[in-house]
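Me: Please take me through this structure slowly, and tell me what lies behind each term that you use.

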Amino acid sequence: MTVGLAMIAGGFAAGVFGSLLGLGGGILIVPLVTLGFGLPLREAVGVSLVSVIATSGASAGVYLGRHVANLRLGMSLELFTATGALAGALVAFAVPDRVLAGLFAALLLYVALSMIRTLRSGTAADPNATMPAPGDRSPERLRPDDPPAEWSSRPAVSTVADRLSGPGYRVRNLPLGIAGSLFAGVISALLGIGGGIVKVPVMHLGMGVPMRVATATSNLMIGITATSSAIIYFLRGGIDAYVAGPTVLGVFVGATVGSRSAHRVDARLLRVLFVAVLLYTAWQMIGRALA
Amino acid sequence: MRATAARGAGDHGRGAERDLERAVGRILMTATYVGVGLIAAGAILMVLEGVSPLDPAPSLSPADAAAALVALRPEGPLAVGLVVLIASPTLRVVSSLVGYLEARERRMALVSLAILAVIAASVVLATGQAA
């Protein structure tokens, strides 16, 4: 009973933290389940995938209702994230636990270094870019630093990229989006994360999609990406219902609370604390990889 | 005149797209909440019955899961909730497919079908390897 409550509390903390920093909970759930409760890494990845399906489902629903997520672009790219995730999940069952721990440590270090760079440049991300609270009906607008509008309505004759564009922006460099989506799918399935750390920069910087739209569309894509690998983990007995239940519940409630309180939190202090947690967790994962 | 008509048609298309996005978003949220609700019920039953997450969860057939759900054993709502949650994004793609077929958007309907084919491949590969 105590372990169950501890798992709900741990999931809650991962959900709040992930939501406040716009990272989703995935990057924290795997260390929580493996390092905190001593379970195998592959099992933690399966539980994490279900958790990200839950949090992304609620937030993507809100984003679609507000018309911030680009459904056409998201569906076109998630065909490739899902394919990558399918391949990644099959590989995950053939890769030793130590290799996965090493890959996860590399991911944690990458995210920590990205955050340190952000802290140094003083351009902390907008906390409002986190998951919207379910039921939140406030209007969405594109950010002032989004790429300038090149057009505002679809022309009569259009290319594939034109058809995937939205009001106020035009999609470019589709091959890069496809390659990035495949890669995001593979690492999502291997490490149990949503893959937003790949998809958002690819869409925003590489494809000319406004930041808010890229975040919302990435969130939408997480569901199908995680589903195609979660099916494999679930049907092969890689998701323990007794571990997944309390964790998913905690993460879902935590992400909802976090998104509602994002504007009340000192984002810079939170990032400094998060970098410390990431570096400590990376150290623990390296130890696991070398054990 | 022609420009106004084109803009009108574009507005109509954008309006239909917004309706589809709203409907798809609502379906996704509902399925997610149902899945999380079942999982929450399972987690509460775990706490009430003193089941530890570190105990191995039983592997259930669909019939066993339904029986455990009716009997209010924790593994019932947990298993059904996990299935609903994992299926929720697929439900969103199916609803998009229906919307695109109604709007005669063949290209997006094909994309939806291709995504469903990848999901089906996951099921086939997982069950094939598990067997």
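Reply: Let us begin with one residue: apart from neighbours within four places in sequence, Leu174(A) is in contact with Val160(A) and Ala161(A), where contact means that the C-beta atoms of two residues, placed from the backbone, lie within 7 Å. This is a predicted model, in which local features need pLDDT of at least 70 and side-chain atom pairs count only at pLDDT 80 or more, while totals for chains, interfaces and linings use all residues. Residues are numbered from 1 along each chain as its sequence is written, and chains are lettered from A and ligands numbered from 1 in the order in which they are written.

Me: Why does Leu174(A) count as partly exposed?

Reply: A residue is buried if 20 or more other C-beta atoms lie within 10 Å of its own, exposed if 12 or fewer, and partly exposed in between. Leu174(A) has 17 C-beta neighbours inside 10 Å, and therefore counts as partly exposed. Leu174(A) belongs to helix H7 (residues 174-191) of chain A, a helix being a DSSP run (H or I) of at least four residues, numbered from the N terminus.

Me: What makes H1(A) roughly antiparallel to H2(A)?

Reply: The axes of H1(A) and helix H2 (residues 26-36) of chain A come within 9 Å and cross at roughly 155°. Angles over 145 degrees count as roughly antiparallel, and therefore H1(A) is roughly antiparallel to H2(A). On the H1(A) side the contact is made by Gly10(A), Ala14(A), Phe17(A) and Gly18(A), and on the H2(A) side by Ile27(A), Leu28(A), Ile29(A), Leu32(A) and Gly36(A).

Me: Which residues touch the most other members of the largest nonpolar core?

Reply: Among its 127 residues these are Val50(A), Ile39(B) and Leu82(B), a nonpolar core being a set of buried Ala, Val, Leu, Ile, Met, Phe, Trp, Tyr and Cys residues joined through C-beta atoms within 7 Å. Leaving aside neighbours within four places in sequence, the contacts of Val50(A) include Ala230(A) and Val248(A), as well as Leu82(B), Leu85(B) and Ile86(B).

Me: How many residues of chain A are in contact with chain B, and which element gives the largest share?

Reply: There are 53 residues of chain A in contact with 55 residues of chain B, and H4(A) gives the largest share of the chain A side, 10 residues.

Me: What elements does chain B have, and how much of chain B counts as buried?

Reply: Chain B has four helices and zero strands, and 42% of its 131 residues count as buried.

Terms used. Helix = DSSP H or I, 4+ residues; strand = E, 2+ residues; numbered from the N terminus. Axes fitted to C-alpha atoms, helices over the stretch in contact; angles between N-to-C directions. Parallel < 35°, antiparallel > 145°, perpendicular 65-115°, else oblique.
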